[in-house]
Amino acid sequence: MKLVDEYRDPAVARYLLEQIRELCDGPLNIMEICGGHTHSIVRSGMEQVLPPTIKFVHGPGCPVCVTPTAKIDQAIALARRPRTIIATYGDMMRVPGSSSSLLQEKAKGAHVKIVYSSLDAVRLAVENPDSEVVFFAVGFETTIPANGLSVIRAKQLGLTNYSMLSNHVLVPPVIRAVLDDPAVRIDAFLGPGHVSTIVGSQDYEFIPAEYHRPVVISGFEPNDILESLFMILKQRREGRCEVEVQYSRAVTKYGNPRALDVVKDVFSPVEQEWRGIGAIAESGLSLREELRAFDAYHKFHDWMPLQRPEEPSECVCGEITRGVKEPRDCASFGTGCTPERPLGACMVSTEGTCAAYYRYQLVTVQTGGVRD
Amino acid sequence: MMCLAVPGEVLDIDGSIAMVDMAGVKRRVCIDLLAEVHPGDYVLVHVGFALQIIDEQEAQETLKLLRACFQEDLHAAVGSQQEGD
Ligand code: SF4
């Protein structure tokens with residue numbers, strides 16, 4: 001496929017690997033922020049062919065993985081409400097709440113529908129005027145504009161049966177939280193490619209400026225990631241520390257202004273709870289006050305569970321998301337916890353670290369080649 | 001995958017909706033998040049929305065640069081008798 005295959009050429013991968021080996025002169029811990037990168041790194045098996053001193057620390061950038069149990073419980077409570085349809089992205093179905101999941105609720109007869117796009121949720125509201133449609137919307141900056149547009153559309157259509165239960169999270173505040181954590185050791189960042197198409201590379205300038213770590217915003221194909229590694233090493237060799245863009249075919253300095261306008265018009269920053277990490281000030285977005293009529297949390301406040309659920313104690317997702325543990329540090333990995341029966345959220349989405357390891361860890365990789 | 005965006009080619013446009021060819025699969029994609037888009041453009045598609053136009057020229061430039069370095073090094077390393085490698 002055009003604009004994909006070019007970035008999987010094994011000969012170029014070998015070339016980049018050689019360059020990396022040449023430049024690599026000591027331990028380097030690189031956090032890939034985005035779960036899409038985690039998936040690509042684990043799937044390609046590139047860690048086995050990189051110099052052993054280069055280590056990827058898997059970051060918090062999987063929106064499904066960081067959605068707190070309490071939020072899943074809220075969605076489940078609404079799924080149990082009569083004449084209510086929950087619309088959500090497919091990945092959210094299996095995420096365990098404190099005692100059930102949306103998939104289990106659906107099996108018991110709740111109206112839970114998987115949508116591909118937020119506008120499909122709006123359409124459900126149009127087609128089902130006698131039901132309430134709640135769009136359970138999660139996402140990082142990549143997805144937030146698309147989710148936000150559904151509220152604008154619902155308002156234009158004069159819908160009163162559409163609302164959003166939102167769990168929208170932002171990259172910069174959680175990166176600050178990770179960097180402020182003394183347990184985490186990170187020398188450089190692989191910046192999130194698709195988030196950056198929206199926010200632009202300028203959103204990460206605080207990382208070199210305040211924390212003195214280089215950032216290279218990367219595409220998702222194996223060769224994109226290898227080239228980004230090479231760029232990080234080159235910065236180090238040349239004594240530079242800045243934000244660079246490897247994914248220049250899609251990322252500009254200021255991102256997508258129109259999408260950012262939608263975000264500003266629809267949402268405002270709030271304190272946000274991150275699964276396994278805790279609450280971080282201004283790290284989430286919820287609907288602006290004047291759009292409260294579309295905010296499911298307020299609209300159905302009486303239905304919201306009062307108790308704060310406990311996170312399952314055996315799951316170390318939180319530490320994995322913060323980059324201080326790996327899936328093999330979890331006793332349940334692959335035994336008590338599998339993608340079919342996940343205990344924690346990192347095992348659900350294909351961008352989750354545990355799910356990626358579960359799927360690809362068993363495949364051996366031939367030295368010198370990177371699987372695509 | 002939640003954060004995945006896939007490139008596709010815009011075939012035609014009808015108001016807010018573009019028909020986009022993604023590796024042979026045609027999908028209806030909302031283009032309201034873009035200021036301007038034309039048939040023939042490559043866009044990144046995420047949850048049914050076009051997020052950004054892919055700068056094809058930029059893509060080809062970087063690929064060319066990478067290939068040029070690679071070829072140079074290859075020739076330096078194996079000499080010129082390695083035809084067709
Ligand atoms: S393997 Fe399962 S229980 Fe263990 S950390 Fe990962 S998601 Fe949590």
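Predicted model: local features only at pLDDT ≥ 70, side-chain atom pairs only at ≥ 80, totals over all residues.
From which domains of chain A does the lining of the second largest cavity draw at least three residues each?

Residues are numbered from 1 along each chain as its sequence is written, chains are lettered from A and ligands numbered from 1 in the order in which they are written, and side-chain values use heavy atoms, with hydrogens and water left out.

**First selection: the largest pocket**

Select Lys71(A), Gln74(A), Glu271(A), Gln272(A) and Tyr297(A), the closest to the centre of the largest pocket among its 33 lining residues. A pocket is an open set of points on a 1 Å grid over the protein atoms alone, with protein on both sides within 12 Å along at least five of seven lines; lining residues have an atom within 4 Å of a point. The volume of the largest pocket is about 780 Å³, taken as the space filled by probe spheres set on the points, which are joined across faces, edges and corners.

Next, display the elements of chain A that give two or more residues to this lining: helices H3 (69-79) and H12 (296-299), with strands E6 (162-169), E10 (267-274) and E11 (278-287). Helices (H or I, at least four residues) and strands (E, at least two) are DSSP runs numbered from the N terminus. Colouring the lining by class gives 12 nonpolar, 11 polar and 10 charged residues.

**Second selection: the cavities**

A cavity is a set of grid points where a 1.4 Å probe fits but cannot get out; the count comes to 4 cavities of 30 Å³ or more. The largest cavity holds about 80 Å³ of space. Its lining includes Cys315(A), Phe333(A) and Met347(A), and divides into 10 nonpolar, 2 polar and no charged residues.

Move to the second largest cavity, with about 60 Å³ of space. Among its lining residues are Thr38(A), Cys62(A), Thr321(A) and Glu351(A). Helix H2 (35-44), strand E2 (54-61) and helix H13 (317-322) of chain A each give two or more residues to this lining. Domain 1 (10-62 + 181-245) and domain 3 (317-360) of chain A each supply at least three residues, with domain bounds from an automatic or database assignment.

Finally, select residues 144-156 of chain A, helix H6, whose end C-alpha atoms are 19 Å apart. Just after H6(A), Gly158(A) takes a positive phi of about 70 degrees.

Definitions and conventions:
Nonpolar A, V, L, I, M, F, W, Y, C, P; charged D, E, K, R; others polar. Expected span 1.5 Å × (residues − 1).
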